Amino acid sequence: MDKIVFDHFNIRYEDGVESLRDINFSIRANAITVLFGPAGGGKSTLLRAINRLNDLADVAETSGRILFNGVDILDPKTDVVELRRKIGIVFSRPVPLPMTVYQNVSYPLELMGERRKSRLDEAVERALKQAVLWDEVYDRLHDPAIAISGGQQQRLCLARALALEPEVIMLDEPTSALDPVSTARIEGLMQELKEQYTIVWVPHNVQQAARMADFAAFFLQGELVETGEGKTLFINPKDRRTSDYVTGRFG
Amino acid sequence: MKRQEHSVTRQEWVINLVIKVSGYSSILFVTLIFLFLMREGLPALANAPLSSIFGARWYPIEGYFGIWPLLFGSVIVTLGALLIGIPFGVGTSVFISEIAPPWLNNIIKPVIEILAGLPSVVLGFLGIQVAAPFLRRLLDLPTGLSAFTGAVLLALIATPTIVSITEDALNTVPVSYRQAALALGATRWQTIWGVTVPAARSGILTAVMLGVGRSIGETMAVMMVTGNAAVLPHGLDALFKPVRTMTATIASEMGEVANGSPHYQVLFFIGIVLFVLSLAVNIVASSMSLRGRTRSERVLS
Amino acid sequence: MNRSFTRARLQEMLGNNLLRLITFLTVLPVVAIIVYIVIKGAPAITWEFLTQMPRSGMREGGVWPAIVGTFYLTLGTAVFSVPLGVAAAIYIAEYAPDNAWTRLIRITIINLAGIPSVVYGLFGLGLFVLFLNFGTSILAASMTLSIMTLPVIISTAEEAMRSVPQSFRTVSISLGATRWQTIWRIVLPQALPGILTGVILGLERAAGETAPILFTGVTFFLPRLPASLLDSTMALPYHIFVISTSVPGMPVKIQYGTVLVLLVFVLGMNLIATFIRQRARARRMW
């Protein structure tokens, strides 16, 4: 099933950087789709377009359509708050909000108006377990979130996104600030979570892209060069530029 | 759930509106200040003869409303304050940002902050009690209540302004400038005066301009120690004679005039002059710091 | 080579000592002023001095009504200027687009900060006392002081909000928060110590001001405490001005005592601000 579909999507910033030109492709449900390519190619821009985080930036112009469950999210009538609850995002650097571990996870639920302690407790525990963090922090729930380690913080950010029970989870180079052990944990975790969620992953290197991809899309300077199933695309790329990048000739 | 969503947005719409209106309030206030000064002060031009307003005598009881002596009073105490305040203010900032160790700054900076918080009436009081008698004896003057005493107090009052902005300006000079100069064999002293201070030039000028604004507008301390004599100078010793500033004139006479009388209107007219002066000083100061910024950006890119 | 090197060394040594002297001469008067006032004023401070009405044309008795008046004026100023100033700062830091209007707002705030205090007094007289017919009252004086205090509160509050990392806002929005929810739950709590510091420093200035309240709310002598917002009031700064310039035969001890009371009021606020700032720095969660 196609969860998200890009249809002649264009975006241009006011200062001209990281624009995207005529993007057409779709993201499947219950799979990991990897967006990769050299820096400045527009991967993060694309992620931020899907949950309309670009609204905060100086976007000069967008055109085309992005269909989420068949509905165009670029429509001005879209309820962006509702949209962002369905499409969670985890950023490259772990950003724990300046509150306790518990509050970090309950925050998005409280935003929705949930005040019942029992419901919050339940949801926090469920999300932390899903992010495989519960066993490490269950006795430190009311410590400041910055007191836990970097790898734990990133899983906390994941738990925070999971607390909303979203349909899609987007990860923007989620392991670039982590050590190899933490990285492996997050990668393994996402392989499990893809049974329930649609996952869009921007990896921070080609090896991770190849490891994680069920489907992959290669971006170069604002252009979508090639898409395909992970195995075929990395082993047998159609485009010369893709194979040059995958084999390490540039980037 | 859905209904609640809607009420949240409606509530937020109101909040956002309140915030936006508050954001624009400063424009409203400056406009109001200008309008009310004009409303009360402009009639002075009709009700008091122009030759009187721009004359050399301030003697309101007999209808002489010459503002030149008052303008002169403001200018001479301000100039005096700058002569004292600039070397001390800039010198202190250079010491703080280039020479002093951190532990010393942890003493100096709070002291400067305390100075900024001292009410001017307290300084005026000490001016009367301590500074004026001291200066009278020291300089052998007929009275210690003079422009000079006012200038000394004003220098103290303007110092925190000059120090904080100059220090900011010095701190924004890239460390690489200093390293480059030191690498070429310059001493620290040569680096400060040959590289760092010139690079912070526009910020220092801004600081001086704002110091000017602070001095021209200061009221209580100046009123208490300058002797309140509205006279034009006859010689170079005017600095050591009693004077009267524009601010002091308003403060000391407004309480005794009938609302709407020509004297009242002229006092408001002086208010307009002060308002315009402060506007000019601030616009010049902020345009200088902007120009300085674009210039240094050009240097760096 | 060697000689010019020595000359440079000598120059540096003399120069550093000159700057040291200049800084010392800037700092010394401040310390001297505080110490001197405390020494000369302390003997006047008694329970009676703090809690009684002035008597015999100010020459005896206490300064209670002036203390109360300054407290009321400071409180009144806070009531008007804090909500307005913080809201304005929120607009500038979190909402305002980068356009000509925003630049105009910034320019007007800078200019508000530069307008002489006595001109605020004239404005308050024209608008609040006469046009709105509040009379010389606590209300008129507080509103005049409020507008004068606004730029201080706005600029420090804006700076405090800008120092909250942008990533917090992005994360909050990405979790489905609206702009206001993000400000209310993330930005304001984090910026609170900075905002409080600015508020206190602004109010400290307002508490010590004389010129803006001269013709808008303050009175030479009131045999009772002010009864309503529309009453005029005594205030410490004006009281100091009056007893040091227009009361012949005023005992010096009482004068210094009154100055000391104002100083404690003002510097006490300064101390609180410093305390808040340092505690916040130690407790910061980022």
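Select strand β3 (residues 32-36) of chain A together with β8(A): the two strands pair in the parallel sense over three bridges. Helices and strands here are DSSP runs numbered from the N terminus, with at least four residues (H or I) for a helix and at least two (E) for a strand. Two strands count as paired if DSSP finds at least two bridges between them. Within this pair, Val34(A) stands opposite Trp201(A) in β8(A).

The model is predicted: local features need pLDDT of at least 70 and side-chain atom pairs count only at pLDDT 80 or more, while totals for chains, interfaces and linings use all residues. Residues are numbered from 1 along each chain as its sequence is written, and chains are lettered from A and ligands numbered from 1 in the order in which they are written.

**Around β8 of chain A**

A residue is buried if 20 or more other C-beta atoms lie within 10 Å of its own, exposed if 12 or fewer, and partly exposed in between, with C-beta atoms placed from the backbone. Which residues point which way from β8(A)? Thr198(A), Val200(A) and Val202(A) point one way, and Ile199(A) and Trp201(A) point the other way.

**From β1 to β5 of chain A**

Move to strand β1 (residues 2-13) and strand β4 (residues 59-68) of chain A, which pair in the antiparallel sense over eight bridges. Ile4(A) stands opposite Phe68(A) in β4(A). Phe68(A) also has a bridge partner in β5(A), namely Val71(A). Strand β5 (residues 71-72) of chain A pairs with β4(A) in the antiparallel sense over two bridges. Select Asn69(A) in the hairpin of these two strands, where two residues lie between the strands: Asn69(A) takes a positive phi near 50°.

**Inside chain B**

Select Ala207(B), located in helix α10 (residues 201-217) of chain B. Is Ala207(B) buried or exposed? Ala207(B) is buried, because 29 other C-beta atoms lie within 10 Å. Leaving aside residues up to four places away in sequence, Ala207(B) touches Thr161(B), Ile162(B), Ile165(B), Thr166(B) and Ala169(B). Contact means that the C-beta atoms of two residues, placed from the backbone, lie within 7 Å.

Now colour chain B by its domain assignment: domain 1 (2-41) and domain 2 (46-300). Such bounds come from an automatic or database domain assignment. The C-alpha centres of the two domains lie 34 Å apart, and their contact takes six residues from each of domain 1 and domain 2 of chain B.

**Where chain C meets its neighbours**

Finally, show chain C with chain B: the contact takes 63 residues from chain C and 66 residues from chain B. On the side of chain C that touches chain B, helix α1 (residues 2-41) of chain C gives the most, with 16 residues.

Then turn to chain A, where 17 residues are in contact with 16 residues of chain C. α7(C) gives the most to the side of chain C that touches chain A, with seven residues.
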